Amino acid sequence: MAEALLDAPTPIATSRPADRNRIRALLAQPKVVFAGGFILFLIMLAVFAPLIAPRDPLEQDLLAGTLPPMGFTGAEPGFVLGTDDLGRDVLSRLIFGTRIALIVAFVASALAALLGTLLGLFAGYFRGATDAAVSRLVEIWMAFPPVLLSILVVAIMGAGVGSVIAAIAIIDWTRFARVVRAETMAQAQADYVVAARVLGFGRLAILFREVLPNVAPVLLALLTLEMGIAVIVEAILSFVGLSVSSDTPTWGGMIAQGRQIIHQAWWVFAAPLAALFATVLAFNQVGDGLRRALDPVMQR
Amino acid sequence: MAIVTLFGVAVVVFLLLRVAPGDPVAMMIAPGASAHDIAELRARYGLDQPLLVQFGIWLDGILHGNFGISISLRRNVLELLTERLPATLELAIVACALAVLLGGATAIAGTLIRRTRGEAVIDAVNGLMLAVPDFVWALAFVLVLGVLWPVLPLSGRSDPSVDAALSTHFYLFESLITGRFGIARDTAAHMVMPALALALPLAAVIIRILKEALSEAMIQDYVLVARVKGMTELRLVAGEALRNAVGPTLALTGVQFTFLIGGTVIVERIFAYPGIGSMAIDAVINRDLPLIQGLVLVFGALFVLINLAIDAGVAALNPRLRHG
Amino acid sequence: MTAPLLSVSHLSAVSSRDVEGAILRDVSLSVARGEVHGIVGESGAGKSTIVKAILGILPGGIRLTGGAIALEGRDLLALDPDGRRHVLGAEVALIPQDPLTALNPGRRIGAQLTDGMRLWRGLSGAAAEDRALALLHDVQMREPTRVMRAYPHELSGGMRQRVLIAAAFALDPKLVIADEPTTALDVTVQKQILRLIRSLQEQHGTGVIFVTHNLGVVAQICDRATLLYMGRVMEQEATATLLERPRHPYTRALIAACPRYDRPGQDLTPIPADVIAACRAEIASLDPAEASHG
């Protein structure tokens with residue numbers, strides 16, 4: 001994923017473009033507007049799922065099992081995306097599935113960002129032993145396959161949304177720590193930090209009042225990209241059977257279930273996969289757009 | 001440095017598993033076993049010792065080539081690893097090769113047709129590719145190439161008869177070397193979807209970074225001089241610019257190669273491909289401590305080796321570093 | 001009289017970005033076989049645009065609006081890319097401005113010296129290598145066998161420029177374009193390089209276009225020179241005439257502005273403002289369409 005591209009610190013902007021210009025640069029990208037609109041749409045779906053979904057996502061009707069989506073022979077009106085083998089409405093399950101996906105996306109990436117940013121700021125600003133310790137920890141962390149580590153964490157903590165969120169935060173903080181560390185190192189050399197130091201501000205005050213705001217743009221882009229990654233990790237854990245209980249509809253769980261009956265009812269597999277794809281793409285496009293809009297170099 | 005990282009990995013995984021609630025022995029005993037039986041089992045796997053002693057025993061064993069006995073499979077862990085690792089290595093090597101070929105060719109083609117509509121198409125498609133992770137690619141392949149238009153086998157590594165016919169666990173490489181192309185073809189067919197799913201995210205990053213490095217190189221004076229010598233455009237890109245673009249690209253994409261190794265875990269699971277990745281998921285779900293420890297150590301070693309190889313590659317590709 | 005080696009006639013060019021309008025205005029010049037022809041002017045005068053037009057490597061923002069370029073009577077502007085590639089490769093060579101960036105850092109000197117010979121003369125590896133060694137000897141390179149195996153970063157700027165000169169004369173081209181080849185070098189090295197180019201040029205009977213902003217360099221190496229200002233030919237004369245009996249006020253001002261090594265300590269004379277104004281007025285009067293821009 002594009003995250004590797006963020007590793008190089010951005011050259012320091014001598015004069016930060018006005019925030020209004022940044023927003024304008026962001027909205028000038030049609031991809032970003034479209035993707036952002038899609039994410040808003042997903043949030044609406046998640047919040048108003050009971051009102052929007054045509055049926056109860058858990059309601060089984062064994063007589064209406066494996067109905068194909070509209071437009072295919074054998075489809076029945078009222079089941080737009082068909083039904084699964086237990087006769088549950090795929091569309092309704094898809095809509096309710098946005099809830100878990102978005103909760104995990106927002107909470108887990110926020111936690112990962114918090115953890116990684118703090119460690120990255122300290123490592124990049126204080127350097128020395130702090131930096132050595134954090135860098136070593138990052139390296140050890142990266143030696144674990146992330147999927148394996150997340151499964152390990154969830155297996156230890158027990159299945160559930162909380163464990164999934166914890167797993168993502170515990171694993172993906174390194175993405176933030178790496179980038180924030182590099183960025184902080186670059187910013188700490190800048191004149192305004194030296195000036196603040198000469199004025200006698202404390203180290204922590206400088207770090208949070210002077211350095212953090214300048215690291216924030218990169219952080220925001222990274223956070224958005226991380227949301228897409230979190231959605232994927234949740235889906236992977238659901239797919240392996242380690243996310244929430246099977247009663248709650250999740251995209252990953254639907255995919256795992258659809259994989260079992262893929263030869264009888266491919267749509268049970270295809271619908272959540274498409275939703276997953278679109279969501280990841282949307283977060284990625286917004287994140288990429290943010291990066292372009294906030295990056296002083298790319299604005300030229 | 002590499003050793004420190006590996007040791008850190010060992011410590012982290014060891015602690016993670018020991019602080020976890022739940023008893024690994026609980027799931028391997030038959031219902032109605034006596035407390036005495038349980039205690040005996042715990043003693044057999046060393047689980048009744050203090051933490052530090054357990055770690056010491058395990059570390060000592062590893063240094064002597066003894067990774068312990070898998071609890072769930074009841075087999076020697078080292079044996080299991082040597083059986084399964086070749087499958088994952090073959091898959092990862094093929095995926096890397098695919099990614100480098102695909103990414104390299106696309107970046108070169110994009111540079112050849114720069115400032116045309118074709119380049120815009122490449123950039124747009126690559127923008128999509130950068131967003132899609134291996135998990136989604138793998139599932140999409142299952143749906144499209146496995147079910148809707150079933151041209152490729154959906155799971156496994158080869159036809160079951162193959163196992164007996166070969167003497168190593170490197171099915172593809174061995175069959176290619178010994179000229180048994182029927183087996184090679186069968187193994188390769190099983191490998192296409194998982195390898196592509198692993199390769200595409202890496203290829204996307206290679207395209208992005210290599211293309212940027214190439215267009216940077218193409219405006220250098222030495223390319224102008226070569227152009228005046230009458231070289232073709234292809235030779236300017238692939239002969240003059242490429243050799244100066246590959247080193248920086250490798251340095252910037254290095255971390256992505258390690259992501260590919262991590263990706264084998266879920267991709268192998270999706271295609272029921274019998275490598276160490278799919279075994280790792282089962283090991284975690286079964287709380288098979290010795291097996292998990294062995295597997296994580298192998299993944300850690302792969303990570304360290306890849307990083308060393310990339311550092312060596314970057315140095316070898318830079319004439320300034322090559323000549324000290 | 002037969003056709004000159006190179007003739008540029010009535011060449012005009014515009015830039016899409018430049019508000020000043022035309023960047024070449026009706027430029028004509030010709031280079032005879034065995035002649036060193038200087039193109040002199042300040043930066044922005046259009047020297048490099050002429051060179052790039054001859055080489056067919058004009059950047060996207062610059063467009064030729066008229067005129068012709070012919071090499072031995074063949075119209076270069078009418079060639080397709082492949083035809084141009086053949087002419088450029090075998091008959092025209094370039095000595096670039098900055099030797100530090102003009103050699104591929106990732107390839108050995110030997111490979112960069114021999115690839116033209118392999119490409120256009122069909123020489124085998126060993127034959128090309130022998131020829132390259134002889135060339136390095138011709139440009140007075142010490143330890144040529146070691147240099148062949150070296151990478152560019154192992155050589156000094158002067159050595160790299162010798163390599164580039166050797167590469168330029170490798171195929172015995174009809175025309176060599178030297179684009180300010182000494183600007184990036186130390187003054188002491190400059191003289192050696194100029195002498196080297198002159199002697200190789202005489203030895204091979206090559207026509208040379210020598211681009212420079214330095215009239216002192218013109219005096220040392222050029223047979224004739226074309227003086228450009230704002231894309232317009234100001235004066236075109238044999239070097240001796242140009243320097244000793246300059247007709248144009250701009251030429252006189254340029255000569256006065258030259259640093260004199262024989263009179264150290266003397267202040268540099270800037271080109272007087274009235275001369276500049278006169279030049280601009282002259283350009284405007286010659287080309288009424290441009291008058292509104294000036």
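C:Q140 is partly exposed, with 13 other C-beta atoms within 10 Å. The term follows a count of other C-beta atoms, placed from the backbone, within 10 Å of a residue's own: 20 or more is buried, 12 or fewer is exposed, and in between is partly exposed. Although C:Q140 is not a glycine, its phi is positive, at about 60°. The residue sits in the loop between α4 (125-138) and α5 (144-149) of chain C.

This is a predicted model, in which local features need pLDDT of at least 70 and side-chain atom pairs count only at pLDDT 80 or more, while totals for chains, interfaces and linings use all residues. Residues are numbered from 1 along each chain as its sequence is written, and chains are lettered from A and ligands numbered from 1 in the order in which they are written.

A positive phi also occurs at C:E180, a residue other than glycine, with a value near 45°. Its place is the loop between β7 (175-179) and α7 (187-204) of chain C. Is C:E180 buried or exposed? C:E180 counts as buried, because it has 21 C-beta neighbours inside 10 Å. The elements named here are DSSP runs numbered from the N terminus, helices being H or I with at least four residues and strands being E with at least two.

In chain A, α5(A) has 15 residues, which at 1.5 Å a residue should span 21 Å; its end C-alpha atoms are 21 Å apart, in agreement. The expected span is 1.5 Å times one less than the number of residues in the helix. Among the buried residues of α5(A) are A:V134, A:V138 and A:W141.

The contact between chains A and B takes 34 residues from chain A and 42 residues from chain B. Two residues are in contact if their C-beta atoms, placed from the backbone, lie within 7 Å. On the side of chain A that touches chain B, α5 (128-142), α6 (146-157), α9 (203-240) and α11 (266-294) each supply at least two residues. The most come from α11(A), with ten residues. By class, this side has 29 nonpolar, three polar and two charged residues. Nonpolar means Ala, Val, Leu, Ile, Met, Phe, Trp, Tyr, Cys and Pro, charged means Asp, Glu, Lys and Arg, and the others, Gly among them, are polar.

Chain B itself has 14 helices and zero strands. Of its 324 residues, 46% are buried. Its C-alpha atoms fill a box of roughly 85 × 50 × 40 Å along the principal axes.
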